[in-house]
Amino acid sequence: MTGIRQTNPVREQMLGTPAAVLQQFDALESQTRKLLSTPEIFATRRIILTGCGDSQMAAASVEMAFEIFAGVPVEALPAMTASRYAIPALGNQANGTLVIGISSSGAVARTVEAVRSARIREPRPSRLPAKPESPVGQAAERVLQMQSASLPSAPGFFGYMLSMVALHLLAIRMAEVKGPTNARIRRMRRECS
């Protein structure tokens with residue numbers, strides 16, 4: 001068996017992901033700057049990040065970045081928990097809540113349900129990384145469009161990484177708009193110096 005090399009799609013996808021993310025970075029950064037207006041960023045009092053599987057894990061991994069940079073409470077929830085419990089429980093506190101549904105494929109039924117639930121209860125739009133023509137994209141008022149890459153088919157490493165990058169860019173954008181008024185960032189700077 002010497003000299004025979006078998007391909008490993010997971011390994012190939014992981015090795016190709018950095019270049020694929022870099023190809024999309026400028027477009028994602030530009031889109032995140034336009035996704036929320038300045039008044040919408042200042043009106044955001046709470047964020048719910050939601051998705052399923054890899055998308056929910058991406059939400060969990062950026063939860064702290066949103067709390068620190070945006071300076072608002074954040075919950076990363078599985079889509080079913082968000083749609084059936086957390087969003088309905090908001091009641092009249094829904095105003096000022098930003099729900100971000102995350103789905104690389106845009107076809108996950110529970111994420112569609114969460115986005116629809118948010119739109120019913122909240123006049124402010126839901127936003128999410130997805131494909132605009134997908135069911136999740138159709139349910140959302142605004143979509144942060146991510147391109148698929150020509151990487152080997154494997155479990156969602158590329159989608160996970162791209163979702164994390166897009167969400168971090170949105171958290172950074174919110175911090176830029178809020179500027180030095182964000183008390184958490186000022187406190188963090190003091191603690192690190």
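Biologist: Which helix does Ser61 lie in?

Modeller: Ser61 lies in helix H3. Helices here are DSSP runs of H or I with at least four residues, strands are E runs of at least two, and both are numbered from the N terminus. Before we go on: this is a predicted model, so local features need pLDDT of at least 70, side-chain atom pairs count only at pLDDT 80 or more, and totals for chains, interfaces and linings use all residues. Residues are numbered from 1 along each chain as its sequence is written, and side-chain values use heavy atoms, with hydrogens and water left out.

Biologist: Fine. Is Ser61 buried, exposed or partly exposed?

Modeller: Ser61 counts as partly exposed, because its relative accessibility is 34%. The cut-offs are under 20% relative accessible area for buried and over 50% for exposed, with partly exposed in between (1.4 Å probe, protein chains only).

Biologist: What does the side chain of Ser61 reach?

Modeller: The backbone oxygen of Ala58, at 2.8 Å. That's a polar contact: a pair of N or O atoms within 3.5 Å, where within protein one must be able to donate a hydrogen and the other to accept it, and residues adjacent in sequence count only if both atoms are side-chain atoms. Leaving out residues up to four places away in sequence, Ser61 touches Tyr160 and Met164; contact means heavy atoms within 4.5 Å.

Biologist: Back to H3 as a whole. Where does H3 bend?

Modeller: At Val62, by about 40 degrees. The bend is the angle between axes fitted to the seven residues ending there and the seven starting there. On length, H3 covers residues 54–70, and its 17 residues should span 24 Å at 1.5 Å a residue; the end C-alpha atoms are 23 Å apart, which agrees. The expected span is 1.5 Å times one less than the number of residues.

Biologist: And what do the buried residues of H3 pack against?

Modeller: Strands E1 (46–51), E2 (74–78) and E3 (97–102), plus helix H7 (157–178). The buried residues of H3 include Val62, Ala65, Phe66 and Ala70. Just after H3, Gly71 has a positive phi of about 70 degrees.

Biologist: H7 next. How many of its residues are buried?

Modeller: 16 of 22, so H7 is mostly covered.

Biologist: Which residues have the most contacts inside the largest nonpolar core?

Modeller: Leu28, Ile47, Leu49, Phe66, Ile100, Leu167 and Met174, in a core of 32 residues. The largest share of this core, eleven residues, comes from H7. A nonpolar core is a set of buried Ala, Val, Leu, Ile, Met, Phe, Trp, Tyr and Cys residues joined through side-chain atoms within 4.5 Å. In soluble globular proteins, nonpolar side chains tend to be buried together.

Biologist: What is Met174 in contact with?

Modeller: Leaving aside neighbours within four places in sequence, Met174 contacts Leu36, Ile41, Thr44, Ile47, Phe66 and Ala70. A second, separate core has eleven residues, including Ala86, Ile87, Val99 and Ala118.

Biologist: Changing topic: how many salt bridges are there?

Modeller: Seven, counting a side-chain nitrogen of Lys or Arg within 4 Å of a carboxyl oxygen of Asp or Glu. One of them joins Arg33 and Glu176 at 2.9 Å, N to O. That pair links distant parts of the chain, with Arg33 in helix H1 and Glu176 in helix H7, 143 residues apart.

Biologist: Which other residue does Glu176 meet in a salt bridge?

Modeller: Arg173, at 3.8 Å, N to O. Both lie in H7, three residues apart, about one turn of the helix. Arg173 counts as buried, at 18% relative accessibility. Salt bridges that share partners join Glu29, Arg33, Arg173 and Glu176 into one network.

Biologist: And what about Glu113, which residue does its side chain meet?

Modeller: Arg84, in a salt bridge of 2.7 Å, N to O. Glu113 sits in helix H5 (residues 109–121) and Arg84 in helix H4, so the pair ties together parts 29 residues apart in sequence.
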